[in-house]
Amino acid sequence: MSVPLRLEDYALLGDTHTAALVGYDGSIDWLCVPRFDSDACFAALLGRPEHGRWLLAPNDRARPLARRYRGDSLVLETEYAGAEGRARVIDCMPVHTPTDGPGGNGQPTVIRIVEGLQGRVRFHSRLRPRFDYGLTPPWLRPEGRRVRAYAGPDVLVIDSDTDLTVRDGECTADFSVRAGDRVGFRMAWRGPRDEEPGPFDTAEAVGTAGDTERWWQTWADRCTYTGEYRDAVVRSLVTLKALSYSPSGGIVAAPTTSLPEQLGGVRNWDYRYCWLRDATFTLLTLLDAGYEREAVAWREWLLRALAGDPRRMHILYGIEGERLLTEAELDWLPGYEHSRPVRIGNAASGQLQLDVHGELMDALHQARVRGIPPDQDAWRVQQVLMDFLESHWRDPDNGIWEMRGPRRDFTHSKVMAWVAADRAVRAVEEFGLDGPADRWRRLRHEIHRDVCAYGYDTERETFTQYYGSTTLDASLLLIPSVGFLPADDPRMKGTVAAVERELLEEGFVQRYTMGPQTAAVDGLPTGEGVFLPCTFWLADNYILQGRRQEGRELFERLLAVRNDLGLLSEEYDTGHRRLIGNFPQALSHIPLVDTAQNLSSEQGPAQRRSGAGRSAAVSPRASARRPS
């Protein structure tokens with residue numbers, strides 16, 4: 001049995017509709033068509049080769065020498081060297097946005113081109129499609145150098161300018177390339193009534209790869225960041241763009257499901273959806289980097305997702321705003337490195353998470369601050385959300401980490417309820433919008449007093465995970481950046497010191513205290529990697545506190561765990577020295593961009609979002625209601 005690749009060994013291909021992961025060994029092990037959240041036709045990432053993959057690699061023990069993206073694009077080149085010569089494989093997915101980009105037929109397509117560089121290299125292509133996440137073998141119908149794979153509503157059309165052989169549910173090809181030779185392949189998905197792709201020609205495929213490279217480079221050139229970390233910032237922005245679904249403007253958290261937060265563990269979730277919590281992070285990152293068009297599209301997606309009754313807001317939605325994301329387990333897949341269960345859908349969509357209201361209010365406020373034209377529908381949505389929050393901010397909830405244990409008074413959730421009230425007040429004060437500002441000011445003050453009284457441990461001098469607890473939570477590191485307290489407030493300095501004492505593991509930050517009480521809080525067995533976004537948040541606190549050199553050192557430690565192509569997952573296993581969790585992860589690449597800008601400017605995203613310390617400090621011994 002083959003040893004599974006590490007996540008670091010994968011590259012991302014994408015077309016702003018869906019994405020594929022291709023390994024260093026030349027195998028595409030993950031692809032969902034036609035959308036990010038569609039069923040996978042290649043699911044070997046979560047199982048074995050028989051669950052679907054497309055291997056294109058030398059068959060004479062040639063080894064991969066190096067790989068790279070062309071410029072700032074998602075066109076991948078992998079070079080191989082063998083006993084008789086050298087060759088290169090070019091992989092890409094042509095972009096088909098609604099208004100621009102090559103390959104505008106709307107059909108997800110993978111192009112693979114083999115180029116001979118020196119001597120002779122023999123290659124083998126083995127394409128094994130399996131629909132329904134590896135469950136359903138299609139009917140393969142050969143017609144010369146075109147093969148069609150049929151399974152219900154799905155059709156894959158496979159073309160090449162070399163001979164294709166169909167046998168035992170696979171489409172294979174064996175060929176050699178010498179210096180100057182090119183052999184191309186194309187695989188396109190189409191629906192049952194879609195038009196067939198046109199004839200295939202390798203020269204045309206080479207041109208399409210060039211067009212795709214230019215499309216991505218043109219997009220990347222719009223980045224306004226010019227600091228010392230530009231390469232890392234642009235690669236992260238390109239990754240975020242690749243995780244966007246261009247027809248709707250939604251951005252998925254990751255293109256994968258069930259990549260484990262602990263190898264062999266059960267913390268395996270489907271991240272192919274859009275989280276409202278990421279709204280502010282995403283919007284600010286795009287705006288600060290010069291991508292107003294994408295930020296506007298993201299805001300419009302938010303408003304469509306909340307259409308109907310915003311009081312029934314979900315914490316996450318499908319990429320077109322779908323609400324029913326029923327969670328199910330795929331028992332035929334053994335999971336990545338035997339990490340089971342493999343899940344699709346996400347039951348967290350039905351949770352109550354009060355912090356999302358604050359994130360949404362802040363996202364729409366920041367859009368106004370940054371000059372995105374106002375939208376009256378947005379303000380009406382915000383007023384409805386404030387009506388809900390005024391009555392429910394005291395309620396226990398599931399918290400930022402989607403705890404599956406009992407609901408609690410999570411401190412971060414209350415802080416974000418304060419953010420919602422603060423942004424509502426500022427909408428009236430700074431933009432002249434109509435609303436009960438006096439009532440919202442009283443609410444803002446009441447929440448602030450409550451958090452400082454019951455979310456703060458005066459003996460340990462730190463904010464705590466939930467009211468009355470002694471556990472820590474790295475989400476508390478966001479308190480300064482949202483403006484609740486300045487970073488140099490003694491309570492925040494104490495909280496940062498507590499995080500350093502109790503949550504740091506080999507220089508990286510854990511999400512929250514792991515121990516005997518963990519299962520009672522999150523409803524799951526103990527154990528996961530360190531959380532990369534939280535580590536960026538600690539770096540931001542260092543910067544805000546004037547500890548810039550410490551912030552820079554921590555930021556560069558994070559850069560060092562990216563793979564060779566600049567990609568990050570959600571978590572990192574310090575024991576095995578490897579990336580874990582869904583990959584690549586938007587919530588890791590967003591703070592990478594933000595922290596780079598915080599290091600490059602005295603007015604970076606963290607400083608601007610905080611509102612320059614507008615909130616008044618409240619004594620940690622202030623009296624407020626007792627938690628129920």
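**Close-up 1. The side chain of glutamine 607 and the backbone of glycine 604 in the predicted model.** In this predicted model, the side chain of glutamine 607 reaches the backbone nitrogen of glycine 604 at a distance of 2.9 Å. Glutamine 607 belongs to helix H15, which covers residues 605-609. Its relative accessibility is 12%, and because buried means under 20%, glutamine 607 counts as buried.

**Close-up 2. Strand E2 and its antiparallel neighbours E1 and E3.** Strand E2 (residues 19-23) has five of its five residues buried, and it is therefore largely enclosed by the rest of the structure. Both of its faces are covered, with Ala19, Leu21 and Gly23 buried on one side and Ala20 and Val22 buried on the other. Strand E1 (residues 10-14) pairs with E2 in the antiparallel sense over five bridges, and within this pairing leucine 13 has alanine 20 of E2 as its bridge partner. The two strands form a hairpin with four residues between them, and threonine 16, which lies in the turn, has a positive phi of about 65°. E2 is also joined to strand E3 (residues 27-32) by three bridges, again with the strands running antiparallel, and here valine 22 stands opposite isoleucine 28 in E3. In the hairpin of E2 and E3 there are three residues between the strands, and glycine 26 takes a positive phi near 90°.

**Close-up 3. An open sheet formed by E26, E27 and E28.** The three strands of this open sheet follow the order E26-E27-E28, and their pairing is antiparallel. Strand E26 (530-531) and strand E28 (578-580) are the edge strands, each of which pairs on one side only. Strand E27 (residues 571-573) is joined to E28 by three bridges, the two running antiparallel, and in this pairing glutamate 571 stands opposite isoleucine 580 in E28.

**Close-up 4. The aromatic pair of tyrosine 229 and phenylalanine 555.** The count for the structure comes to 22 aromatic pairs. Among them is the edge-to-face pair of tyrosine 229 and phenylalanine 555, whose rings lie 4.8 Å apart centre to centre, with 75° between the planes. This pair links distant parts of the chain, since tyrosine 229 is in the loop between helix H2 (202-220) and helix H3 (230-242), whereas phenylalanine 555 is in helix H13 (residues 548-559), 326 residues apart. Both tyrosine 229 and phenylalanine 555 are buried. Elsewhere, Trp54, Tyr80, Phe123, Phe175 and Phe185 form one aromatic cluster.

**Close-up 5. Arginine side chains over tyrosine rings.** The charged end of arginine 35 sits over the ring of tyrosine 245, at 5.6 Å from the centre of that ring. In another such arrangement, arginine 408 lies over the face of tyrosine 466, at 4.7 Å from the ring centre.

**Close-up 6. Cysteine 32 and cysteine 274, neither of them in a disulfide.** The structure holds zero disulfides. For cysteine 32, the nearest cysteine sulfur is that of cysteine 41, which is 7.6 Å away, and because a disulfide requires sulfur atoms within 2.5 Å, cysteine 32 is in no disulfide. Cysteine 32 counts as buried, with a relative accessibility of 1%. Cysteine 274 is likewise in no disulfide, and the nearest cysteine sulfur to it, that of cysteine 32, is 14 Å away. At 0% relative accessibility, cysteine 274 also counts as buried.

Notes:
Residues are numbered from 1 along each chain as its sequence is written. This is a predicted model: local features need pLDDT of at least 70, side-chain atom pairs count only at pLDDT 80 or more; totals for chains, interfaces and linings use all residues. Side-chain values use heavy atoms; hydrogens and water are left out. Two strands pair if DSSP finds at least two bridges between them. Buried means under 20% relative accessible area, exposed over 50%, partly exposed in between (1.4 Å probe, protein chains only). Rings of Phe, Tyr and Trp (its six-membered ring) pair if their centres lie within 6.5 Å; planes under 30 degrees apart count as stacked, over 60 as edge-to-face and the rest as tilted. A charge sits over a ring if NZ of Lys or CZ of Arg is within 6 Å of the ring centre and within 35 degrees of the ring normal. A polar contact is a pair of N or O atoms within 3.5 Å; within protein, one must be able to donate a hydrogen and the other to accept it, and residues adjacent in sequence count only if both atoms are side-chain atoms.
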